[in-house]
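Reader: I am new to reading protein models. Could we go through this one together, a topic at a time?

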Amino acid sequence: ILKLAINVPLSREFDYLPPPGGAIPMPGCRVWAPFGRRRQVGIVLAHADGSTLAADKIRACSDTIDETPLLSTAELRLIRFTSDYDPPPIGEVVAAALPVLLRQGRSLHPTVETIAATANGESADAETLARRAPKQAELLEFLIDSGGAGCEADRLTEELPNWRRVAKPLFEKGYLERFDARAADFDEQSGVAAVEPPSLNDDQQNALSALRSSDEFAAFLLDGVTGSGKTEVYLARMDDMIRQHKQVLVLAPEIGLTPQLVARLRRRLGIEPAVLHSGLSDIERLSAWRAARSGAARLVVGTRSSIFTPLKNPGLIIVDEEHDHSFKQQEGLRYSARDLAIVRAKQLDIPVILGSATPTLEILQHCVEGRYQHLSLPARAGGARPPTMRLVDLLRSPATDGLSEPLAEAIQRHLGAGGQALIFLNRRGFAPTLICGSCGHIAGCHRCDSRLTVHARSNELRCHHCGASRKLDETCVECGNAVRPLGEGTERLEEALRARFKDQVIMRVDSDSTQRKGAIEEVLDQAKQGHADILVGTQMLSKGHHFPKLTLVGVVNADQGLFGTDFRSGERMAQSILQVAGRAGRENRQGEVLIQTAFAEHSFWQTLIGGGYEEVAEKALAERRLTGWPPFTRLALIRAAAHDRKDALEFLEVARDFVVRTADDTLRVLGPVDAPMARKAGRYRAQLLLQSSQRKVLHAVLGRLRPLLEEQKKSRKVRWSIDVDPIELF
């Protein structure tokens with residue numbers, strides 16, 4: 001009997017007979033299996049001698065896809081752990097672990113549609129064609145420059161989106177040909193000679209010595225202030241492993257950081273990293289995955305889903321910016337790539353390095369308890385001084401369109417000295433609210449319990465939760481009087497800066513301004529080269545970027561998280577501010593950070609500015625211990641959403657009754673209650689929180705609860721999920 005994982009929302013394995021004739025597929029191989037009226041790709045998890053099903057109920061697989069296992073025992077073990085921990089259906093975990101083409105049953109070495117110029121095309125009169133049909137001439141020239149091997153259709157679509165329509169007459173003339181070719185294999189040779197590494201300071205050298213103490217499992221927190229040279233320590237340890245022909249897996253929090261990280265790795269190590277993230281084509285992603293699996297790529301860099309990438313000879317895992325929320329998958333299959341990195345390193349018996357300037361309290365507590373080794377880089381590398389931080393009291397110096405006079409004067413002063421300014425506001429759009437000055441009506445989303453955001457450039461009102469949009473109201477829909485935008489977003493801040501600094505180059509960096517592919521890389525490259533005088537944007541600007549000329553950071557609307565209802569609000573606010581503050585003064589000039597606040601006397605600011613992140617974390621841990629929140633207890637959040645509020649709450653009542661009936665007194669049950677935003681995208685949302693000081697107790701209950709919920713009739717009307725170790729409670 002084959003035990004199969006199939007990508008369906010049921011938390012069990014499925015029993016099948018092997019395909020008739022031929023060898024029995026081994027664990028890790030894919031097969032085609034009849035499932036209902038369809039045929040599905042399944043992956044063999046194990047063999048069994050029997051089944052709980054009657055013999056006449058067990059169907060046979062129709063075909064074997066892989067002659068040898070696609071996934072090794074180690075990868076299957078990680079998949080099983082993920083399924084047992086969260087606990088999601090194991091088929092969903094397998095789907096996350098495989099590239100799209102392999103999920104579809106395609107070959108590990110697929111052929112791809114390829115377009116090339118023929119001999120007639122190469123000898124065609126280019127000038128005449130350019131005059132008559134410039135788009136055809138552009139396509140033909142591009143393919144001639146690509147060489148005789150031609151160009152993959154997916155890449156052509158990226159470079160010339162409308163090429164298929166343009167190509168039709170060229171095919172008819174015999175200038176182009178189409179054929180299937182095997183996808184190119186990954187080549188590690190970058191053609192770039194590795195540069196000599198810089199000398200490490202004493203703190204970096206001590207950290208590196210500790211990292212070199214063992215090649216077996218150990219978890220290290222590399223806790224270094226921004227600009228302290230954490231990456232150079234990573235690079236030295238990577239070089240050790242690569243020289244031993246071992247593989248290194250590096251996890252970065254998001255795509256935006258990947259290009260600059262890859263460029264730095266290539267330059268320092270002299271090899272091409274295999275890159276895995278959602279911005280790649282399916283063929284590119286499969287090529288990188290295949291190279292990691294075969295060992296052809298000794299260096300693998302990717303975002304969170306890369307944690308499942310198979311490695312032939314693993315030696316080291318690095319999680320850069322471990323505190324970043326992007327490492328937690330929030331939709332569908334929920335998992336923490338950082339936590340799985342630690343689990344995987346332990347399973348493989350290799351070291352794992354977690355790097356951050358603002359570590360999460362969970363990781364710091366592991367260090368306090370002696371489970372992880374805490375390595376500190378307390379000073380900036382190269383003699384650079386940390387930025388000075390001061391508050392701008394908005395009660396004394398009110399802001400206009402988000403800009404106070406002290407901040408405006410500081411911008412002028414730094415620009416005059418040849419510096420660059422970054423103005424940080426973690427809220428996109430022009431304004432978060434459109435309000436009527438007469439009746440007080442606020443423009444709201446008809447599908448969510450949220451306000452619509454004003455986007456002045458596109459003359460729209462948009463919901464940032466469900467994506468709904470409509471034309472910007474000119475008058476109040478309730479009373480017909482004038483409406484006005486209230487509050488500030490990055491668009492409004494950019495407008496205010498342009499009005500104040502007319503002769504300066506101002507660039508806005510947020511998800512609205514960087515939607516085009518490659519836009520974020522272009523903007524950041526211009527900023528690094530000093531082509532922008534003032535940068536204004538969201539947290540996209542705060543993560544890991546190095547701007548040599550940047551000397552001033554202004555934080556607008558810093559009070560957003562000061563009175564948050566989530567127990568992590570203070571921790572996250574400190575992380576956000578210190579990360580963006582760390583962009584200032586990273587070279588020979590000391591930076592300055594101005595934080596605008598209406599609550600200058602709040603104790604949080606005294607702690608942050610007086611004692612830094614270390615003191616913020618110390619006080620937060622003491623508070624969490626007293627109040628019984630993580631990392632001193634474990635949480636699981638069960639969410640339900642339905643078109644009818646009653647259905648969502650009744651579904652969670654079933655879960656609550658089961659937990660109360662079966663769990664012991666160490667498990668606390670809170671709810672069910674409406675979610676803080678009760679309606680989102682047309683569905684009513686409710687949640688049930690489980691809390692326990694014993695992780696085993698929590699997981700035992702969840703393991704029994706999921707099958708029960710899957711069988712509930714209400715589950716057909718309800719979208720539900722179980723989130724273990726949630727990072728968002730609201």
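Reader: May we start with D401: how exposed is it?
Author: D401 is partly exposed, with a relative accessible area of 30%. Please keep in mind that this is a predicted model.

Reader: Where is the place of D401?
Author: D401 belongs to the loop between β17 (399-400) and β18 (403-404).

Reader: And what is the phi of D401?
Author: Phi of D401 is positive, about 55°, although D401 is not a glycine. Most residues other than glycine have a negative phi.

Reader: Now the peptide bonds, please. Which bond to P631 is cis?
Author: The bond from P630 to P631 is cis, and its omega is near 15°. P631 sits in the loop between α19 and β29 (634-642). A cis bond also joins G671 to P672, with omega near 10°. P672, for its part, is in strand β30 (residues 667-680). As background, most peptide bonds are trans.

Reader: Changing topic: how many aromatic pairs does the structure hold?
Author: There are seven aromatic pairs. One of them is formed by F14 and F35, whose ring centres are 5.3 Å apart and whose planes stand at 90°, so the pair is edge-to-face.

Reader: Why does that pair tie parts of the chain together?
Author: F14 is in strand β2 (residues 14-16) and F35 is in strand β3 (residues 30-35), so the pair ties together parts that are 21 residues apart in sequence.

Reader: Are F14 and F35 buried or exposed?
Author: F14 has 9% relative accessibility and counts as buried. F35 is buried as well, because its relative accessible area of 19% falls under the 20% cut-off.

Reader: What about F651 and W720: how are their rings arranged?
Author: Their ring centres are 5.6 Å apart and the planes are at 40°, so this pair is tilted. F651 lies in helix α20 (residues 645-662) and W720 in strand β32 (residues 719-724), and the pair links these distant parts of the chain, 69 residues apart. F651 counts as buried at 1% relative accessibility.

Reader: What else does W720 touch?
Author: R706 is in contact with W720, and also with S11, P87, P88, P89 and I722, leaving aside its neighbours within four places in sequence. R706 lies in helix α21 (residues 695-710) and is buried, with a relative accessible area of 10%.

Reader: How do α20 and α21 cross?
Author: Their axes come within 11 Å and cross at roughly 145°. The crossing is right-handed. From α20, F651, A655, F658, V659 and T662 meet V701, R704, L705, L708 and L709 of α21.

Reader: Which rings have an arginine over them?
Author: Among them is the ring of W32, where the charged end of R39 sits 3.9 Å from the centre. R178 lies over the face of F171, at 4.4 Å from the ring centre.

Reader: Lastly, which residues in the largest nonpolar core touch the most other members?
Author: Of its 88 residues, those are W289, I307, L422 and W605. Helix α19 (residues 603-627) gives the most to this core, with eight residues. A second, separate core has 29 residues, including F220, I242, V275 and L377.

How values were computed:
Residues are numbered from 1 along each chain as its sequence is written. This is a predicted model: local features need pLDDT of at least 70, side-chain atom pairs count only at pLDDT 80 or more; totals for chains, interfaces and linings use all residues. Side-chain values use heavy atoms; hydrogens and water are left out. A nonpolar core is a set of buried Ala, Val, Leu, Ile, Met, Phe, Trp, Tyr and Cys residues joined through side-chain atoms within 4.5 Å. Buried means under 20% relative accessible area, exposed over 50%, partly exposed in between (1.4 Å probe, protein chains only). Helices (H or I, at least four residues) and strands (E, at least two) are DSSP runs, numbered from the N terminus. Rings of Phe, Tyr and Trp (its six-membered ring) pair if their centres lie within 6.5 Å; planes under 30 degrees apart count as stacked, over 60 as edge-to-face and the rest as tilted. A charge sits over a ring if NZ of Lys or CZ of Arg is within 6 Å of the ring centre and within 35 degrees of the ring normal. Contact means heavy atoms within 4.5 Å. Axes are lines fitted to C-alpha atoms, for helices over the stretch in contact, and angles run from 0 to 180 degrees between N-to-C directions. A crossing is left-handed if the near helix is turned anticlockwise from the far one by less than a right angle, and right-handed if clockwise.
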